[in-house]
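I opened this structure to look up its strands, its helices and a few single residues. My entries follow in the order in which I made them.

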Amino acid sequence: MAVDPRTPCLIGVAQRTWRPVNPDPVDAPEPLDMWEQVTRAAAEDAGIPGLEADAESMQIVYCQTWPYDDPVGRLADRVGASPKHRFYSGIGGTTPQVLVDDTAESILRGEYDLALITGAEALDTMRRARKQGRRLPWSHRNPEKVPFPFEAPFHPAEVAHEVFQAWLTFPVFDVARRAHLGCRPEDYRERLGQLLAPMTEIAATNPYAWFPLARSAEELITPTKSNRLVGYPYTKYMVSVMDVDMAAALLLASHEKADALGVPADRRVYLRGWAYGNDPWYIAERPELWRSEAMKQVSRAALGMAGTGVDDVAHLDLYSCFASSVLFGMDSLGLSEDGVSERPITVTGGLPFSGGAGSDYMTHSIAAMAGSLRQDPGSLGLVSGVGMHMSKHVYGVYSTEPPAHPLQPVDGAALQAAIDAAQPKNAITNSFAGRATVATYTVAHGRGGNAEWGLAVCDLDDGSRAYAKMLDPDLLARAEAEELVGATVSVVPGDNNANVVKELLT
């Protein structure tokens, strides 16, 4: 079979984790050093030490740990490269695969033949240094204060109701899904534990996992002093851990460049399909809070580009910052919760257990997927990413077997138009007083484990939605003991432009 010479493939991957060793943990290197280490290691994985110096494209995933003045330029100088294409990304869990997608399309167009993508965070080292009052002697700090690269402005209603943190927003999707399925709250929590426990077993065997420890379903879902509730129904053990010291790198090449370099066929992992799309940006805009239309259409588009279906995929890594992102992904693919032990949904262990290094998790999942596919030649692997508040979605299909025909990328604009047409946005009412119906909710817990306040997303009679805070302790207790989705509530004005649930009416 003749392979299109412009077909993109992974030729080298690398990961590294600087796990702290108690009682006297050592600082990880600064991110620039981490980028350099994994970049050189990826070239060695390709069997060509020093290949990093020949990269024509060099791209770095946004680093939350340290604001370098010229991230790509500093790394290029370190490794002796002079890339004609340089890019420092924005944020979000989809970022690494999106960089791979864009790189693949650039290779297909003949813009370059060899590309490097890398990312690193040393957030655990930074956290410990701040706690100890230490200043880290890291290099090339940007003298200018650069704004955090948010992609969309905050909605005034979300600002008024403190809808910022992922640990607060992702639970509302699980509660909505629970109510849609008609599952009792306690039974659903048990299902969440059964979903996540097999992931911990994979993390326990992953040499790069931040928490290489198997935990039982009961241990994961049971609140304790060391495993407090964070955002109901999630405990601390169930949420993504971002304060990690981890780095990963990918080297991509065209098929003809891999041939010219002499990269062995058994080191190559080909991109077979990819796609990206968005759900509505603001949570209350989504007409159905229990599922993702974008996940459904984007996953189908990526698999369709690869000329395959999910039943033919042997290896999965579904983005797992929280259980809701995994379950929405499984629902979109038509996968049953009952099969997670026989058909694992991660090759790393997932973000709560393997670690989610800022926006860089997918660099690790792609690198781990490459390893799985090299060990299972000819099989297919699917990775997914989720960004912001379950808004951004990306899928990539990989195999050691090259595609039988030239790749035809998905029309991203047409895909997004189809997603938008399938789910017209709900209007958001900023301020509201009167009767409303609870569409979904969560309860925020403080560091001591106590319930502090709740967030409700409410359906209004005019078809719009409103956010409302739940502040009454008895109401918070009921929200965790019984199902409030579908309940009628009385909403009144509160402080700082927030709406407040005064009482349950039915």
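**Entry 1: terms and source.** I take helices (H or I, at least four residues) and strands (E, at least two) as DSSP runs, numbered from the N terminus. Two strands pair if DSSP finds at least two bridges between them. The model is predicted, so I note that local features need pLDDT of at least 70 and side-chain atom pairs count only at pLDDT 80 or more, while totals for chains, interfaces and linings use all residues. Residues are numbered from 1 along each chain as its sequence is written, and side-chain values use heavy atoms, with hydrogens and water left out.

**Entry 2: the hairpin.** I looked at β10 and β11 and found that they form a hairpin with four residues between them. Methionine 388, in the turn, has a positive phi of about 55°. The two strands run antiparallel and are joined by eight bridges. Leucine 380 has serine 399 in β11 as its bridge partner.

**Entry 3: the sheet.** Strands of a sheet pair through backbone hydrogen bonds, either parallel or antiparallel. Here I read an open sheet of nine strands with mixed pairing, in the order β3-β2-β4-β7-β1-β8-β11-β10-β9. β3 and β9 are the edge strands, each pairing on one side only. From one strand to the next the twist averages 20° (angles run from 0 to 180 degrees between N-to-C directions, and axes are lines fitted to C-alpha atoms, for helices over the stretch in contact). β9 (residues 315-317) pairs with β10 in the parallel sense over three bridges, and leucine 316 has leucine 382 as its bridge partner in β10. β8 (residues 269-278) pairs with β11 in the antiparallel sense over eight bridges; there, tryptophan 274 is bridged to glycine 396.

**Entry 4: burial of β10.** How many residues of β10 are buried? I use buried for under 20% relative accessible area, exposed for over 50% and partly exposed for in between (1.4 Å probe, protein chains only). Eight of the eight residues of β10 (residues 380-387) are buried, so the strand is largely enclosed by the rest of the structure. In a regular strand the side chains alternate between the two faces of the sheet. In β10, Leu380, Leu382, Ser384 and Val386 point one way, and Gly381, Val383, Gly385 and Gly387 point the other way.

**Entry 5: helix α10.** I found α10 lying across β8, β10 and β11, at about 155° to β8. Its axis and that of α13 (residues 412-422) come within 9 Å and cross at roughly 150°. Contact means heavy atoms within 4.5 Å. Glu293, Ala294, Gln297, Val298 and Ala301 in α10 meet Leu415, Ala418, Ile419 and Ala422 in α13.

**Entry 6: helix α2.** I list Pro71, Val72, Gly73, Leu75, Ala76 and Val79 as buried in α2. Their cover includes α1 (31-45), β2, β3 (85-88) and β4 (114-122). Glycine 80 follows α2 and has a positive phi, near 70°.

**Entry 7: two single residues.** Is serine 324 buried or exposed? Serine 324 is in helix α11 (residues 323-333) and counts as buried because its relative accessibility is 0%. Leaving aside neighbours within four places in sequence, I found serine 324 in contact with Phe170, Phe173, Asp174, Tyr234 and Met390. Methionine 390 is 66 residues away along the chain, yet the two C-alpha atoms are separated by 8.9 Å.

Leucine 407 lies in the loop between β11 and α13 and is buried, at 8% relative accessible area. Not counting residues up to four places away in sequence, leucine 407 touches Thr7, Pro8, Leu108, Leu271, Arg272, Trp274 and Met305.

**Entry 8: rings.** Rings of Phe, Tyr and Trp (its six-membered ring) pair if their centres lie within 6.5 Å; planes under 30 degrees apart count as stacked, over 60 as edge-to-face and the rest as tilted. I count 13 aromatic pairs by this rule. Why is the pair of tyrosine 62 and phenylalanine 148 edge-to-face? Their ring centres are 5.6 Å apart and their planes are at 90°, so the pair is edge-to-face. The pair links distant parts of the chain, 86 residues apart. Tyrosine 62 is buried at 15% relative accessibility, whereas phenylalanine 148 is partly exposed at 35%. Ring pairs link Tyr62, Tyr88, Phe148, Phe150, Phe154 and Phe164 into a cluster.
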